[in-house]
Amino acid sequence: MLDLLRFWLIFQLFGLLALPMGWRLFAFLPDRGYAFAKALGLLGVGYLLWLGASLGFLRNSAGGAILALVVFALVGLWLGRDGLSVDEQGDRPLLVHLRAQLGYIAVAELLFAVAFILWAVFRSYDPNIAGTEKPMEFAFLNGILNSTQFPPHDPWLSGYGISYYYFGYVILNVVVLLSGVMPGVAFNLGLASVFALTLLGAFGLGYNLVRSDTESPAAWVKGALYGLLAAVFVGIMGNLEAVLESLQARGLMSPALHSLFDVKRLADAPVTGSFRPTEFWWWFRAGRTVHDYNFAGTSEQEVIDEFPMFSFVLGDMHPHVLAIPFVLLAVALALNLLRRPAASIELRASEPDGGVNEDRVEIGGWPAAWGQVTEVFGLNGWGLVLYGIALGALGFLNTWDFPIYLFLVVVVYAIRRGLVGIHLRWPLWQEVILAFTRLAVVGIVAYLPFYLSFSSQAGGILPNVYNPTRFTQYLLMFGPFLMALFFLLIVAYRQVDVSRKALLQWLMAVLLIPAIFLAVAIVAISLMPGLRSFAERALSMSVAETVPRILSLRLTTPGTWLVVGVLLAAVAALVSRVWTGAQRRLQHNLAFALALFFTALLLTYGVEFVFLRDTFATRMNTVFKFYYQAWILMAVGSTYALYYISTRASSAVRVTAQVVVAVLVLGGLLYPAFATPSKANNFQTTPTLDGAEFVAVYRPDEAAVIRWLVDNTEPDAVIVEAPGGSYTDYNTISAHSGRATLLGWGGHELQWRGSYDLPGQREPVIDTIYKNLDSAAIARAVEDYDIDYLIVGPRELEKYRIPTNRQGAFINLWEPAFEEGAYIVYRWRGG
C-alpha cells in the first residue's frame, strides 16, 4: 500500500510541476492541458535525465533525477511566468483558471486515482514477471537502473548498449529512482500508472473537444461525460471478437459463422453452455483477429492486432504500451494547434495597404513562411521546439509512432490554415514542407544520441500482394468506430456542401492508386528476372501460377479495400473543403475528428498494400503497429462523432446512430468484463504487487543467487549463464539482477539488432566455458568479454550436460564465491 502511495505522489508531483508549462503550451484548450500535465512532466524530466546521462552531465541516479526535476520545474516556471504573474486585477491567471476548473479537476483526479488503484489491484492477482515478453522488459528496466550513464547496458548482450526503443523504461526508471520502490513492484505499478494515464489522457481529449464546442452553463459536465466515454473507447473497450467467444462458449457459433469470420482456432474452443468463455487464455485470440495465410493458402501466418485493453490484460510492459500516454499528449498538441486563432503574422500578411488580400498572391517566399511556422507554434519559437521534442519522443518510445503523429500534426497544421480563412501571400505547400521538416529535424536531433546507437531489423518496404484483410475481421476489430464514422459522415455531408465531382476524384484516387501500384508490382515481377526469381523463391510458385493466384485473392476479398477506401475518400473530400472556401461551414472540432479518422483509415488501408520488411518477412508487425494507433485515433474521433451526431442530427438519425453504436460498444465491453477475471485467476490467489516474488517462492535457490549478485557485485559486473530461447525462463538471473550476461535471448537480440552476427559469435564462447576443456580459450574469453562471474545451476548442468564428476574441475579456473542449493556462483581466479 505504501509503494502505491509513493507512486501516486510522484505522479502528482510531476503533474504539479508541469502546470505552468502546460498553461502556455496548451493555451487554446479549455483545460489548458491539465489532463496532460502528468505525462508532460514525466516526458520532460525523463528527457532531461536521459540527455544529461547520455552527454555525461548527469548520472542516472536519484540525485540526477532530482536535478532533472528541478531543471524541468525552472524551465516550466519561466515559460509559464505569465500565468503566475500578478495581473491588473491582482490575480494570477493560472490560479484563477484552476479555481474555475475545480469540478473538472476533481473528476480528472478521481478518474486517475480510481484507475490506478483498480488496475494495481488487478495486477496484484496476476503479478508474475514471467511468460510472453515480460522477462525481456524487466531485464531492460533493471539494466537501465544499473547503468549510471546512457546508452544503458544491454543485460542480455554484455558490453553493448540496448539497441531498442527504450525511453519508456527510462521514464519508469525515473519514477523508481524518486520513489524508492523495488523494481519487481515498480513493474506492476508502472503498468497500473500507464493504464491510469491512458484513461486520463483520453478523458482530457474528449473533454476538450466537447467543452470547446459549447458555451452552455453545464458545458463542463457534458465535456466530462464525453471525456469518460473517450476513456472507455480508448482504454477499456475491447474489440468484438469477445462476442464470438461468448457465442462459441454458449454453443451458438455455426460452421457458417466460423467460416465467415475465420478467427484462428476459435472453432476448437470448448462449448460450456454458458456465455462466459472458460478456455485458458481464450482472451488472447482477440489480439489475433486478423488471420493471414501463406501464398498457397496451406499454412497460417501470424498477425498481431492488439488494442490497449488487450495489452493491459496481457500485462507486458512493451514500448507500444508505455508510449500510449505520450501518444495522447501528441494528439492534444495537435488539437491545441488547430484551435490556435489567427497569428499576428497572418493578420499582417493578409492586409496589404490596409485591406484584406482576397487573392492569394505568391510573394513573401520561404522567409515569410518560415516566420509563419515559428509564430503559429507559439512561445516565441519555443513552441516549435517543445512540439518537436514531444513528437520526437515517440520515436524513442515506439519508433513507429513518430512518423504517424508527425503526419497528423502536419495535416492539422494544413487544416488550420484553411480554417483561419485568411489568404496569405505565400502558398500553403511552403508552410507544410517547413512545418514537417522543422518538426522532424527537431524530433531527430533532440534524440540524436539514441539514433547513433540504434540498429534496426527494418529492411525496406515490400508490397503486400496476396494478403488482403477480410472485411469481417476488420469489422470485428473496428466495428463501433466505423459505425460512428458512418453516421458522422451522414450528418456532416448535410452540413457541408461537397460536390460530387470532388468526391468522385477522391474515390478514383483512393481506390485506383493502390490497384495500379499492385498491377505495377505484378508486371515488374513478371518482366524483371531478379524480381521474378526472388518472388518464385518467396512464394514457392512460378510466375505463371502467381499472377492468377494474386488476382483471385484480391478479387474474391475486396471488402476492406472497397469499404475503407470509400470511407477514406469521403473523409478526404469533406476535409479538403477547408481549402476551397467552405471553411466556415466546417467546424474546427469536426475537422479535427475527421483528421483523426483520416490518419487512422490511412494506416489500416496502407497495410492492405504494403508492409515494412523485418526478420519475420510478413506484415505481422506492420499490422500490429498501425492498427494499434488506428484504434486510439478512431476511439478519440468516435467520441466527438457521437457528440456531433447528438447535437446536429435529425432525431431519426440520432436515435439510430446511438442505438447501433451502443449495441456494438456493449459487445466490445464483453472483453474487459470476461477477460480481466479470467487473467486474474478469478481473483482467487493471494495478492501481491511484487512481480519477482514467484522466483523466491518456486525457485528459492535462484532467488538467493539474484539477491547475492545485487548486494555483492558492481552494477556493471558481467556474468555468464546459459542462454535460452525466447519466451523461456532462461536468463532470469541477468533479467532480475540487471547484471549483464554474455548472451540472453538470442532470437530477440536478432530482432533488436537486425543481425545475428554478434549473438552468434558468443554461443561457441559460452559453450567453451561450460565444457571447461580448453583453459587458454577460457582465459582469452574472460579477458575479451570482461567476464567476472560464472553461474552454474540446473539449466547449465542440463544444457551443457556437465557430469557431476566434472563440476569440481571449475575450481581450477574459477573460485566459488557463493553457493546455494543447486547453484554455485564462481568468480574468475585467473589460474
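This note sets out numbered points on the pockets, salt bridges and local backbone features of a predicted model.

1. The largest pocket. About 1,300 Å³ of space lies in this pocket. Its lining is made up of 49 residues, and those closest to the centre are Trp 400, Asn 621, Thr 622, Phe 624 and Lys 625. Several elements contribute two or more residues to the lining, among them α13 (308–314), α19 (401–420), β4 (610–612) and α33 (746–753). Helix α28 gives the most, with six residues. By class, the lining holds 27 nonpolar, 15 polar and seven charged residues.

2. The largest cavity. The count of cavities of 30 Å³ or more comes to five, and the largest of them has a volume of about 130 Å³. Leu 42, Ile 171, Leu 172, Val 194 and Leu 322 are the closest to its centre, out of 13 lining residues. At least two lining residues come from each of α8 (167–179), α9 (183–211) and α15 (324–338). The lining has 10 nonpolar and three polar residues, and no charged ones.

3. The second largest cavity. This cavity has a volume of about 50 Å³. Residues in its lining include Glu 245, Gln 248, Trp 282 and Arg 285. Here the classes divide into five nonpolar, three polar and three charged residues.

4. Side chains of opposite charge can pair when their charged atoms come close. The whole structure contains 24 salt bridges. In one of them, Arg 619 meets Asp 292 at 2.7 Å, N to O. Arg 619 lies in the loop between β4 and α28, while Asp 292 belongs to strand β1, so this pair ties together parts that are 327 residues apart in sequence.

5. Arg 288 and Glu 302 form a salt bridge whose closest N and O atoms are 2.7 Å apart. The two residues are 14 apart in the chain, with Arg 288 in the loop between α12 (255–261) and β1 (292–293), and Glu 302 in the loop between β2 (300–301) and α13. Arg 288 is buried, with a relative accessible area of 11%, whereas Glu 302 is partly exposed at 35%. A further salt bridge joins Glu 815 and Arg 827, with the closest N and O atoms 3.7 Å apart. Glu 815 lies in strand β8 and Arg 827 in strand β9, so the bridge ties together parts 12 residues apart in sequence. Glu 815 is partly exposed at 32%, and Arg 827 is partly exposed at 31%.

6. A network of charged residues. Arg 699, Glu 702, Asp 729 and Arg 795 are linked in a network of salt bridges.

7. A nonpolar surface patch. Leu 504, Met 508, Leu 512, Ile 516 and Val 520 form this patch, with about 470 Å² of accessible area together. Met 508 lies in helix α23 (residues 500–527) and is partly exposed, at 46% relative accessibility.

8. Backbone features in loops. The peptide bond from Phe 150 to Pro 151 is cis, with omega near 10°; Pro 151 is placed in the loop between α7 (134–145) and α8. Arg 32, a residue other than glycine, has a positive phi near 50° and lies in the loop between α1 (2–25) and α2 (37–55). Asn 682 is not a glycine either, yet its phi is positive, at about 55°. Asn 682 sits in the loop between α29 (651–679) and α30 (693–698) and is partly exposed, with a relative accessible area of 43%.

Conventions:
Residues numbered from 1 in each chain as written. Predicted model: local features only at pLDDT ≥ 70, side-chain atom pairs only at ≥ 80, totals over all residues. Heavy atoms only, no water. 1 Å grid on protein atoms, 1.4 Å probe; cavity = no way out; pocket = protein on both sides within 12 Å on 5 of 7 lines; lining within 4 Å. Points joined across faces, edges and corners; volume = space filled by probe spheres on them. Helix = DSSP H or I, 4+ residues; strand = E, 2+ residues; numbered from the N terminus. Nonpolar A, V, L, I, M, F, W, Y, C, P; charged D, E, K, R; others polar. Patch = residues over 30% accessible without salt bridge, like charges linked within 9 Å, V, L, I, M, F, W, Y side chains within 5 Å. Areas by Shrake-Rupley, 256 points an atom, 1.4 Å probe, with all protein chains shown as cover. Salt bridge = Lys/Arg side-chain N within 4 Å of Asp/Glu carboxyl O. Buried < 20%, exposed > 50% of the residue type's maximum accessible area, 1.4 Å probe, protein only.
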